[in-house]
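This briefing is meant for a reader who is new to the structure shown below. It starts from a single residue and then widens to the chains and the places where they touch.

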Amino acid sequence: MIKKFLTTLILIIGILLLYIPILIIMLLSFNNSQRPYEFNGLTFKWYTQIFSDNSLFSAIINSWSIAICATIIATILGIFIALAINRMKQKYKPFVMFLNNMPILNADIVTGVSLMIIFTLLGFTFGRFTMLLAHIFFCIPFVVLSILPRLKQLDNNAYDAARDLGCTHMQAIRKVIIPGIKIGILTGALIAFTMSIDDFIISYYTTGEGFSNFSTWIYSRLNRRTFNPAAYAYNSIITIGSLLILIYINIGIRPGGKKIEKN
Amino acid sequence: MKKHNIILPLYIIWLIILVLIPFILMLILSFAHTDGLDFSNISFSLTNFKEIIDPVYFDAYANSIILSFLASLICLLLAYPIALTITKFKNNKLKNIILIMFILPMWSNMLLRIIGWETLFQPNSILNYFDISLNLIGSPIAVVIGMVSTYLPFMIFPIYTVLNKIDPAVIEASYDLGATKTQTLRRVIFPLSLPGIYSGITMTFLPSATNFALPERLSAGKINLLGNLINSNFGKTFDYGFGSLLSVILITIIFILTIFINRKDKDGDLLL
């Protein structure tokens, strides 16, 4: 009985720790006062200002466009890289996996600084392009890692059978291999997107020329008058929106769907 | 399989350019003094190594280790029972709802979540309406709470993944052989879940010690961690040599961890 009480307590503490800040942000998004310590009435004005504050709105658009582009590019490249790693000789595999895992394990700030150094030396102009490149860079390993275990489960003869039955190389990949690793691809893309849209530190080091995503926009405006509580409003919409989507995916159409279970 | 033969070498070159070369450059910079990234006036010396043992920075090292360690420990103590409870849910729908509850916060902006705590910890906060003033800004507690709140999901999921994979037959065997529930947990489930714990610690300890925005906000700049040191050297004082040395030390630690984890986890599925 005590044990059950304890685990319930821990579950509640965990959930509170995660949700208190989110609830505060939601509260602030309805707060008529711009000062976070006083509450003087409900308002929806911050919700309309998401669209009227040009710098915030373009930062949001940048976040989405970078995350979508990085996810698509990283997913497509990741599929072929995973296929190649799966087929490569055991001898060199640890080296490639080591390089592949480095960006995941590495501290964000070290990744950010590394990229900043190499982009500077390559003479790149910092901004949209360098940020996208950085995001593709840290997204690919996640896609590769989620596809590899699925590829391992796949029957190696399936591809050869497809080829024997007259498929071309691309047809065999498209019709036999891709359907077999579909869940891995979706998981990888989802993780890549999540990492990209919320990224702050790496974006901070690889952007420039006034190009900012949502996170760098917030960071550069903290404690300044240009900070707009519309950011709270946008974040609350995202939280509620993703909650609805996740519930819809998991409970609505596929009870027991395993897609998002992993991370 | 021609296509594969092209893409893999390209990917390796891409990784060498973006991972290995910056590392080598930072290694060189550690022994050098330069004007930012201008290598024309490069002079080699060991000043950066002298600077690193300067007692001015000891606080930052100690804080990084102690606070991140505390945060990881609390994460582990919370995450293990949580992960274990989730695996035990028979009802798949309920299980998914709980899982969603722990995934969802990650889709809320990290900086804003830190600001959420910050507004709560200020002496003047909305809690004043209930006659409470937490006034925690600047205290180590605030930083640790922020860290736990930010990185808890990264501890839960690796442990959950491992626990979920344990063959139920193994646990039944343990009961059949006469082990009690506690013994089974201690002697069977726990050892089998160690890889998940290792990867969870890596995913919480290092980010906690190197996230510069979190201590900056929750300690009002009073508590500096490793991330703040690196950030100020690269972003403010442009002392690339010292910043590089710190980064190189961090990378070395991560190199060792990567090798360790790769050995434990051949499929690489614990990093997700």
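A:Asn32 sits in the loop that joins α1 and α2 (45–52) of chain A. The model is a predicted one, and the points below describe it by topic.

**A:Asn32 and its surroundings**

- A:Asn32 has 14 other C-beta atoms within 10 Å, and is therefore partly exposed.
- Leaving aside residues up to four places away in sequence, A:Asn32 touches A:Asn40, A:Gly41, A:Leu42 and A:Thr43.
- A:Pro229 is 197 residues from A:Asn32 in sequence, yet their C-alpha atoms are 9.8 Å apart in space.

**Chain A as a whole**

- Along the principal axes, the C-alpha atoms of chain A fill a box of roughly 70 × 65 × 35 Å.
- Chain A has 263 residues, and 45% of them count as buried.
- Of the contacts in chain A with a separation of 6 or more, 77% are between residues 24 or more positions apart.

**Domains of chain A**

- Chain A is split into domain 1, covering residues 1–43, and domain 2, covering residues 58–253.
- The C-alpha centres of domain 1 and domain 2 of chain A are 30 Å apart.
- Contact between the two domains of chain A involves six residues of domain 1 and six residues of domain 2.
- On the domain 1 side of this contact in chain A, four residues are nonpolar, two are polar and none is charged.

**Chain B as a whole**

- Chain B has 12 helices and two strands.
- Read from the N terminus on, the elements of chain B follow the order α-β-β-α-α-α-α-α-α-α-α-α-α-α.
- The box filled by the C-alpha atoms of chain B, taken along the principal axes, is roughly 70 × 70 × 35 Å.
- Chain B has 272 residues, and buried residues make up 44% of them.
- Among contacts in chain B between residues at least 6 apart in sequence, 72% link residues at least 24 apart.

**Where the two chains touch**

- Contact between the chains involves 75 residues of chain B and 80 residues of chain A.
- On the chain B side, at least two residues each come from α1 (2–30), α3, α4 (92–103), α5 (110–121), α6 (140–165), α9 (194–210), α11 (226–235) and α12 (240–264).
- α1(B) gives the largest share of that side, with 14 residues.
- By class, the side of chain B that touches chain A consists of 47 nonpolar, 23 polar and five charged residues.

- Helix α1 (residues 2–29) of chain A and helix α3 (residues 58–88) of chain B have axes that come within 9 Å and cross at roughly 110°.
- With that angle, α1(A) and α3(B) are roughly perpendicular to each other, and their crossing is left-handed.
- α1(A) makes this contact through A:Thr7, A:Ile10, A:Leu11, A:Ile13 and A:Gly14, while α3(B) makes it through B:Leu78, B:Pro81, B:Ile82 and B:Thr85.
- The residues in the contact of α1(A) with α3(B) comprise six nonpolar, three polar and no charged.

Technical notes:
Residues numbered from 1 in each chain as written. Chains lettered and ligands numbered in written order. Predicted model: local features only at pLDDT ≥ 70, side-chain atom pairs only at ≥ 80, totals over all residues. Buried ≥ 20, exposed ≤ 12 C-beta atoms within 10 Å, placed from the backbone. Contact = placed C-beta atoms within 7 Å. Axes fitted to C-alpha atoms, helices over the stretch in contact; angles between N-to-C directions. Helix = DSSP H or I, 4+ residues; strand = E, 2+ residues; numbered from the N terminus. Parallel < 35°, antiparallel > 145°, perpendicular 65-115°, else oblique. Left-handed = near helix turned anticlockwise from the far one by under 90°. Nonpolar A, V, L, I, M, F, W, Y, C, P; charged D, E, K, R; others polar. Domains from an automatic or database assignment.
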